[in-house]
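Subject: Structure for you to look at

Hello,

Here is the structure I said I would pass on. Please open it beside this message and follow along as you read.

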Amino acid sequence: MIRVDAHHHIWRLDRGDYGWLAPGMAIYRDYGLDDLRPLLEDKIDATILVQAAATEAETDYLLEVARGSDGLVKGVVGWLDLAAADAAKRINERAKDPLLKGLRPMLQDIEDPYWILRDEIRPALRAMAETGLRFDALIQPRHLPLLPIFHGMNPNLKIVIDHGAKPPIRSKTFQPWADDLARVARETDAYCKLSGLATQASEMWSMNDIRPFADHILDCFGPSRTMWGSDWPVIELATPYRRWHTITERFLFRYHIPERAEVMGGTAARFYGLT
């Protein structure tokens with residue numbers, strides 16, 4: 001079965017559209033596929049490249065990188081202004097590119113959590129569903145109670161929650177995140193990414209700090225709706241790529257090999273329609 005890193009980034013600082021990256025951050029430098037490939041060894045066959053800037057220009061850049069990746073990058077999750085008057089038209093045009101698998105509004109950076117329910121973005125969401133583009137939900141725990149409503153308004157839109165909705169691992173606050181996530185899993189057909197958890201933990205985190213949150217994601221969504229992602233190079237703020245991969249494999253020891261394979265690639269391949 002194909003082994004997929006369902007969530008990673010690349011960036012080039014001179015592009016000038018990564019406003020959240022600041023001098024002094026350990027990851028304030030260029031990152032490209034040549035930096036990633038040595039980390040994959042023989043463990044990853046394909047990747048999903050995800051936007052990190054709220055510009056269509058970056059989406060074009062990512063698609064260009066994907067086309068030149070010799071088949072490593074099987075899909076791109078890009079960005080488009082879903083509230084724009086011509087968003088539906090632009091989505092219909094963008095969806096013609098077979099490498100564009102989805103779109104991701106940066107919801108965590110939008111102050112109003114109800115933005116995803118606004119009438120002005122509904123035509124764009126309808127166009128996404130009709131063209132088969134997936135919706136990557138970059139959200140925080142405050143958004144989780146709204147996801148069942150969002151799903152009900154967009155029943156044909158395929159949704160995946162990035163980074164388990166960024167649970168407050170650092171403070172070890174399990175509720176209400178746990179109950180809200182369970183409700184989303186129960187009342188919708190959304191998927192969830194087992195990614196980005198280490199960066200939500202304290203600086204001196206251990207595997208046992210993260211395990212209850214990872215276990216809960218797996219308990220809620222099961223292997224068939226959970227997909228592994230590295231969140232590289234952001235993950236480097238908390239731990240090396242290979243360590244996060246190894247730790248995740250340990251979280252999966254309770255499953256049989258076919259179920260582990262689902263989390264580590266099969267689920268992402270089905271969700272994003274990889275070939």
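A residue is called buried when its relative accessible area is under 20%. Please keep in mind that the model is predicted.

Cysteines

By that cut-off Cys192 is buried, because its relative accessible area is 0%. Cys220 counts as buried too, since its relative accessibility is 18%. How many disulfides does the structure hold? The number is zero. Cys192 takes part in no disulfide, and the nearest cysteine sulfur to its own belongs to Cys220, 8.4 Å away. A disulfide needs two cysteine sulfur atoms within 2.5 Å. The 8.4 Å from the sulfur of Cys220 to that of Cys192 is therefore too far for a bond.

The sheet

Cys192 is part of strand E7, which covers residues 191–194. In this strand, Tyr191 and Lys193 point one way, while Cys192 and Leu194 point the other way. All four of these residues are buried.

Strand E7 pairs with strand E6 (residues 159–161) in the parallel sense, over two bridges. Within this pair, Val160 has Tyr191 of E7 as its bridge partner. In general, the strands of a sheet pair through backbone hydrogen bonds, either parallel or antiparallel.

Both strands belong to an open sheet of eight strands, with the order E1-E2-E3-E4-E5-E6-E7-E8 and parallel pairing. Which strands stand at the edges? They are strand E1 (4–8) and strand E8 (226–228). Each of the two has a single partner strand, so one of its sides is left without a neighbour in the sheet. On average, neighbouring strands of this sheet are turned by 25° against each other, with direction ignored.

Nonpolar cores

The largest nonpolar core has 84 residues. Leu82, Phe135, Ile161 and Ile210 are the residues with the most contacts inside this core. Helix H7 (residues 207–221) gives the most to the core, with eight residues. Apart from this core lies another, of 13 residues, and Ile48, Val160, Ala268 and Ala269 are among them. As a general point, nonpolar side chains in soluble globular proteins tend to be buried together.

Leaving aside neighbours within four places in sequence, Ile210 is in contact with Ile169, Leu197, Ala198, Ala201, Trp205, Trp244 and Phe251.

A buried arginine

Arg104 is in the loop between strand E4 (100–103) and helix H4 (122–131). Is Arg104 buried or exposed? Arg104 is buried, because its relative accessible area is 4%, and the cut-off for buried is under 20%.

Two polar contacts of the Arg104 side chain can be found in the model. One is with the side chain of Gln51, at 2.7 Å. Another is with the side chain of Asp162, at 3.1 Å. With neighbours within four places in sequence left aside, the residues in contact with Arg104 include His7, His9, Trp79, Asp136 and His163.

Backbone details

A few places in the backbone deserve a separate note.

- Gln175 and Pro176 are joined by a cis peptide bond, with omega about 5°. Pro176 is found in the loop between E6 and helix H6 (177–187).
- The peptide bond from Trp232 to Pro233 is cis as well, with omega near 0°. Pro233 is found in the loop between E8 and helix H8 (241–251).
- Glu41 has a positive phi, near 45°, and is a residue other than glycine. Glu41 is found in the loop between helix H1 (33–40) and strand E2 (46–50). At a relative accessible area of 47%, Glu41 is partly exposed.
- Lys172 also has a positive phi, of about 55°, although it is not a glycine. The place of Lys172 is in the loop between E6 and H6. Lys172 counts as exposed because its relative accessible area is 60%, and exposed means over 50%.

Regards

Conventions. Residues numbered from 1 in each chain as written. Predicted model: local features only at pLDDT ≥ 70, side-chain atom pairs only at ≥ 80, totals over all residues. Heavy atoms only, no water. Helix = DSSP H or I, 4+ residues; strand = E, 2+ residues; numbered from the N terminus. Buried < 20%, exposed > 50% of the residue type's maximum accessible area, 1.4 Å probe, protein only. Polar contact = N/O pair within 3.5 Å; in protein donor to acceptor, adjacent residues only side chain to side chain. Contact = heavy atoms within 4.5 Å. Pairing = 2+ DSSP bridges. Axes fitted to C-alpha atoms, helices over the stretch in contact; angles between N-to-C directions. Core = buried A, V, L, I, M, F, W, Y, C linked by side-chain atoms within 4.5 Å.
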